[in-house]
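Try each one before you read the reply.

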Amino acid sequence: MKQSKRVLVTGGSGQLGSTLKKAIQSTTETIDFVFTDSKDLDISNLESVMEYLNKADFDYCINCAGYTQVDKAEEDEEKALFINEHGVKNLAKACHSYNTILIHISTDFVFDGRKSSPYLETDRPSPLGIYGLSKYKGEQEVVRNMDRYFIIRTSWLYSEYGHNFFKSMLKYGRERDQLSVVFDQIGTPTSAHDLVTAILKIIVEEIDNYGIYHFSNEGVASWYDFAQAIFDINGIQVDLKPIRSKEYPTPAERPSYSLLDKSKIKKVLKTQIPHWRKSLEEVSKNMGSVK
Ligand SMILES: NC(=O)c1ccc[n+]([C@@H]2O[C@H](COP(=O)([O-])OP(=O)(O)OC[C@H]3O[C@@H](n4cnc5c(N)ncnc54)[C@H](OP(=O)(O)O)[C@@H]3O)[C@@H](O)[C@H]2O)c1
């Protein structure tokens with residue numbers, strides 16, 4: 001008889017994978033996690049994906065793997081699609097074959113930002129750049145190739161792990177006297193810890209309302225607001241200037257508005273989500289950066 005749930009994690013050394021690894025150290029649930037990184041399991045290789053899923057009777061696969069360089073993707077379209085579309089298709093096919101539930105992470109960048117109220121799961125994606133397009137194509141492969149999946153779109157992910165805006169601001173805020181950050185892109189920062197809590201709840205409670213979900217922290221912010229809060233909470237003195245996106249051109253265009261409506265996930269998981277500022281205080285404490 002099977003004793004505990006078995007969960008395969010792909011992209012286990014990235015930001016979300018590392019946050020998950022940390023979270024399971026303090027969980028009391030009996031779940032067997034197998035963490036893989038890109039060297040152990042390259043999701044763009046169907047043969048190795050099939051082989052890996054065949055190794056054990058996995059109940060779930062959490063896909064934390066992805067091509068995540070938004071600007072680089074503009075000149076690296078083939079690679080972004082190879083990982084985010086083709087790689088996700090491999091995972092979907094293998095999970096379907098081995099009866100494994102796939103929890104796949106997607107992004108607010110599948111939307112173009114032209115809405116003025118929070119994006120619903122049913123809103124039509126219309127990505128502005130290659131990264132968003134590759135993630136949308138990956139979602140479509142999941143929907144096309146299997147039934148038992150959770151696609152969780154999230155936004156502005158940060159934590160004490162990997163590369164993210166929070167860590168960059170802590171660094172630049174301490175090194176420089178003055179910084180400029182855009183104020184005309186609106187969304188919600190999301191603590192990777194809070195996203196991991198939601199993912200684990202899906203597994204522990206064996207939620208079976210499969211489909212697409214939106215998850216971010218509560219509240220609204222511009223990148224300028226987010227930076228200001230990072231400096232306030234962490235006691236960093238820096239002259240922060242609000243600028244328009246056109247004053248800080250990037251290879252990939254970003255949605256100017258990417259608020260996600262979280263009603264569905266809150267209802268299905270019967271949970272509340274913390275405000276982004278409260279979670280930022282927690283992550284700052286974890287980081288040991290609060291003076
Ligand atoms: N970061 C954000 O702001 C944000 C926002 C919304 C959604 N998301 C989504 O959330 C997910 C997790 O993001 P993250 O911030 O944790 O990203 P991350 O830190 O860049 O981690 C991605 C991981 O994927 C691995 N990977 C890349 N190609 C792979 C392959 N072919 N096979 C297996 N693993 C591969 C990378 O390993 P190597 O380093 O060895 O290549 C890396 O460990 C991604 O799907 C991302 O699209 C992120």
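Q: In which strand does Asn-63 lie?
A: This is a predicted model. Look for the strand that covers residues 60–63. Asn-63 lies in strand S3.

Q: Is Asn-63 buried or exposed?
A: Buried means under 20% relative accessible area. Asn-63 has a relative accessibility of 1%, so Asn-63 counts as buried.

Q: With which side chain does the side chain of Asn-63 make a polar contact?
A: Leaving aside neighbours within four places in sequence, Asn-63 is in contact with residues including Thr-10, Ile-43, Val-88 and His-104. The polar contact joins two side chains at 3.0 Å. The partner of Asn-63 is His-104.

Q: What should helix H4 span, at 1.5 Å a residue?
A: Helix H4 has 16 residues, 130–145. The expected span is 1.5 Å times one less than the number of residues.

Q: Which helix do the buried residues of H4 pack against?
A: Among the buried residues of H4 are Ile-130, Tyr-131, Gly-132 and Val-142. They pack against strand S4 (101–107) and strand S5 (149–154). The helix they pack against is H3 (77–97).

Q: At what angle do helix H5 and helix H9 pack?
A: Two packed helices are described by the angle and the distance between their axes. The axes of H5 and H9 are 12 Å apart. Their crossing is right-handed. The angle is about 60 degrees.

Q: How many nonpolar residues does the contact of H5 with H9 have?
A: Phe-166, Lys-167 and Leu-170 in H5 meet Leu-280, Val-283, Ser-284 and Met-287 in H9. By class, 1 is polar and 1 is charged. The nonpolar residues number 5.

Key:
Residues are numbered from 1 along each chain as its sequence is written. This is a predicted model: local features need pLDDT of at least 70, side-chain atom pairs count only at pLDDT 80 or more; totals for chains, interfaces and linings use all residues. Side-chain values use heavy atoms; hydrogens and water are left out. Helices (H or I, at least four residues) and strands (E, at least two) are DSSP runs, numbered from the N terminus. Buried means under 20% relative accessible area, exposed over 50%, partly exposed in between (1.4 Å probe, protein chains only). Contact means heavy atoms within 4.5 Å. Axes are lines fitted to C-alpha atoms, for helices over the stretch in contact, and angles run from 0 to 180 degrees between N-to-C directions. A crossing is left-handed if the near helix is turned anticlockwise from the far one by less than a right angle, and right-handed if clockwise. Ala, Val, Leu, Ile, Met, Phe, Trp, Tyr, Cys and Pro count as nonpolar, Asp, Glu, Lys and Arg as charged, and the others, Gly among them, as polar. A polar contact is a pair of N or O atoms within 3.5 Å; within protein, one must be able to donate a hydrogen and the other to accept it, and residues adjacent in sequence count only if both atoms are side-chain atoms.
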